[in-house]
Amino acid sequence: MPVNHEVKGNLARLLATEDLVVEHKSVPTASFNVDTRVLILPMWEKASSVVYDMLVGHEVGHALYTPNEDWSLKYSVPQQFVNVTEDARIEKLMKRRYAGLNKCFYAGYNELHEDDFFQVKDDDISTYNLADRVNLYFKIGNFLNLEFTQEEQEIVDMVGNAETFDDSIEAAVKLYEYCKKEQKEETKIESFDNLEQVPGGGTGSSPDSQDQSPDSDELDSSGNGSQSSSEGQSEDKVNQLPTPQSNQGGETSEPEVRTAENLEESIKELVNHSSYENVYVELPKLNLDTVIASNSDVHNEINNWWSASVERYSSASSNAEQELFAKVDKDFREFKRSAQKEVNYLVKEFECKKAADSYARATTARTGILDCSKLHTYKYNEDLFRKVTTLANGKNHGLVFILDWSGSMSNVMQDTIKQLYNLIWFCKKVSIPFEVYAFTNEWRRHGYDENGNFIKMEPHYKKESGLVCVDESFSLMNLFTSKVNNRVLEQQMINIYRISKEFKYSYNDAPLYSTPGRLSLSGTPLNESLIALHQILPKFQKENKLQKVQCVVLTDGESCYLKFHKEFKHRYNPETEETYIGLNSLNSHSTFIRDRKVGRTYKVKEDFHQLTDTLLENLRDRFPSVNFIGMRVLENREANSFIRKYYDNYDYSSGYLQDNKEYVQITNDWKKNRSFTIKNSGYHSYFGLSASALSQETEFDVAEDASKSQIKSAFAKSLKSKKMNKKILGEFIELVA
């Protein structure tokens, strides 16, 4: 059964009782950065669940109880010995803190012992040094028969009684000194034993050994006789004696803890090295001053463009502006008039929902004043006091809209704008503050100074390795805001209506005016917009003192994929330590988005829409009081492929092929009402709306000489369109209210 790393990460955070950053990577050993509070756990995918839990508990013990200090400045003791005593201390403290961990440690070490992770099978453990036996005693002592001398038992007790890190270090010093002393004594005994086996070695040598030595005046190997040759030969014999294992400096080697090394190497074998290396990235904190094109800047750009268009056309006509925009402005006024019924319906539903919510939260209490109308019932009624009903105050609402300003929206832009305008007029009627942003990659690409020089795009954040990349060209145009008065808002809505009208025309049918270059349709930086919401939503809520915020995304498709910044070494000069920050793709197999504030990681999935859902899931965790609502305007031919992204055609759970009931229900809604609601996406509700149905007029309008069949057809068409709008708008109001 594959390991759920997210669950194990949550276990580590729960045990640590803090928002640790837990990363699962294909590393040989675990590590914990005390400063950054990042716990890196190997991917022990070959370990059983109980062993995995034990290892997680052990590493969290270090995170909780091992301080970040350089003890080597005060104590001279090898790291291995500190590991032995500190492991015993932190595991004791963890089992004391969480009684349930006793079973995990017992069962986990039992399993490791049975699999001989310490590599002590068939060995005489009594021959091991004290450090090894202490290590075994505190880890698998329940399964071994270990004996200690009185002197050794004092050190064992010192290790077991350690409560502080200093206690643990002092116990490690005692343990190290004892093992070093023990090793020296064993080395000395071995040296003397070997000396007895060497001829002429002194003690224990043969009585006739002196006779076998050459005379003092005997020639040496070079043919020269001297007295010193005898001395030199004697020195050679001494040099041939076995000596203790030594380092290059000639000193006796340090005692080692073999069982600790064996366990570490064995645990490394639990890591699945063939799996992908996990990569953890974080979302950047964007500078909204560079991201957002202000409402005034956007419409100044449009007004200047209109003025230039009128000036170009004025040579051919004396009433240029009226002729340029007369038709589209008339269309806007007619739409506004026809939309009032839907807006009023929204207002009525909103007020009803709000009143019902207030009534549901109403409280009734006695006032302490007698109700004279009930005095005659005193014999059988104890409730003679007047009552007062207190209605709970309504919540302050606000709406943030994100509009898709991509090239694929050209055919449905005006229909989407109409739906947006309905919601804006609703907000104005019920006095709800709102902001409307359109995402684009074009606004910053057309920036020029007074001299006509291109203005270099400033980055939205400081680029660092491990941050998701948001391109400098990304912008959010603040198309509408509740901060302006009604007259200004009306003119701004006309501006955008004119532009949306032009998008729908073919090249030959386009009006004489054109779209400002900075408001041209672009790519689809929807994911970048969701990242920007991390700063936009709290700012909007704080500025307007709101209790409840709704975020509505109006789009027709999926976003572009994202990359992240990564540190690389220079390819052409790998010998240098110089690095640079480059870009790498978000690999769906192994990449996780980490949010330190909510203490969660989110696996990046394969499809484009799944990355958007992941970012929405993160937003919902970060802002639990915000409703995220999606509205997707669809061409009729796109509906089925869109629905299949969230609902499979067939249900395979029963073991044979059959229709998926949810898919059938959604498709039936689409066929009947030309709309549907998806509940299992990243949005709280994702509404699918037919572009052709939205573009139909809802007014019941027929010619005076219309036949009965024409009147019937027009009436049915009007009812169908109203039914669709009311169904979707009713669900929308339930979320908003």
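**Figure 1. Surroundings of His-58 in the predicted model.** Leaving aside residues up to four places away in sequence, His-58 is in contact with Asp-87, Ile-90, Glu-91, Phe-105 and Tyr-109. The model shown here and in the following views is predicted. His-58 belongs to helix α2, which spans residues 49-65. Its relative accessibility is 12%, so His-58 counts as buried. One of its contact partners, Asp-87, is likewise a buried residue.

**Figure 2. Salt bridge between Asp-87 and Lys-139.** The side chains of Asp-87 and Lys-139 form a salt bridge with an N to O distance of 3.4 Å. This pair connects distant parts of the chain, since Asp-87 is in helix α3 (residues 79-97) and Lys-139 is in helix α5 (residues 130-140), 52 residues apart. Both Asp-87 and Lys-139 are buried.

**Figure 3. Salt bridge between Arg-96 and Glu-163.** In the pair formed by Arg-96 and Glu-163, the closest N and O atoms of the salt bridge are 3.0 Å apart. Arg-96 lies in helix α3, whereas Glu-163 lies in the loop between α6 and α7; the two are 67 residues apart, and the pair links distant parts of the chain. With a relative accessible area of 53%, Arg-96 is exposed. Glu-163 has a relative accessibility of 36% and therefore counts as partly exposed.

Figure 4. Asp-621 and Arg-600 form a salt bridge in which the closest N and O atoms are 2.8 Å apart. Asp-621 is part of helix α16 (residues 608-622) and Arg-600 is part of strand β15 (residues 600-603), so their pairing ties together parts that are 21 residues apart in sequence. Asp-621 is partly exposed, its relative accessible area being 31%. Arg-600, at 25% relative accessibility, also counts as partly exposed. A further panel shows Lys-92, Arg-96 and Glu-163, which are joined into one network by salt bridges that share partners. In the protein, 18 salt bridges are counted.

**Figure 5. Negative patch on the surface.** A patch of negative charge on the surface gathers Glu-151, Glu-154, Asp-157, Glu-185 and Glu-186. Helices α6 (150-160) and α7 (165-196) each contribute at least two residues to the negative patch. Helix α6 provides the largest share, three residues. Glu-186 is located in helix α7. The relative accessibility of Glu-186 is 42%, so this residue counts as partly exposed.

**Figure 6. Contacts of Arg-632.** Arg-632 is placed in strand β16, which covers residues 626-634. With a relative accessible area of 6%, Arg-632 is buried. Apart from residues up to four places away in sequence, Arg-632 touches Thr-555, Asp-556, Gly-557, Glu-558, Phe-642, Tyr-686, Phe-687, Gly-688 and Leu-689. Among these contacts is Tyr-686, which is 54 residues from Arg-632 along the chain, with a separation of 7.4 Å between the two C-alpha atoms.

Figure 7. Asp-116 is not a glycine, yet its phi is positive, at about 55°. This residue is found in the loop between α4 (101-114) and α5. Asp-116 counts as partly exposed because its relative accessibility is 23%. Asp-122 is another residue other than glycine with a positive phi, near 65°. Asp-122 is also placed in the loop between α4 and α5. At 76% relative accessibility, Asp-122 counts as exposed.

**Figure 8. Overview of the protein.** The protein contains 20 helices and 20 strands. Of its 737 residues, 45% count as buried. Considering contacts between residues at least 6 apart in sequence, 71% join residues at least 24 apart. The protein exposes about 39,600 Å², of which 47% is supplied by carbon and sulfur atoms.

Conventions:
Residues are numbered from 1 along each chain as its sequence is written. This is a predicted model: local features need pLDDT of at least 70, side-chain atom pairs count only at pLDDT 80 or more; totals for chains, interfaces and linings use all residues. Side-chain values use heavy atoms; hydrogens and water are left out. Patches are made of residues with over 30% relative accessible area and no salt bridge: like charges are joined within 9 Å, nonpolar side chains (Val, Leu, Ile, Met, Phe, Trp, Tyr) within 5 Å. Accessible areas come from the Shrake-Rupley method with a 1.4 Å probe; for residues, only the protein chains shown count as cover. A salt bridge is a side-chain nitrogen of Lys or Arg within 4 Å of a carboxyl oxygen of Asp or Glu. Lys and Arg count as positive and Asp and Glu as negative; His and the chain ends are not counted. The place of a charge is taken as NZ of Lys, CZ of Arg, CG of Asp or CD of Glu. Helices (H or I, at least four residues) and strands (E, at least two) are DSSP runs, numbered from the N terminus. Buried means under 20% relative accessible area, exposed over 50%, partly exposed in between (1.4 Å probe, protein chains only). Contact means heavy atoms within 4.5 Å.
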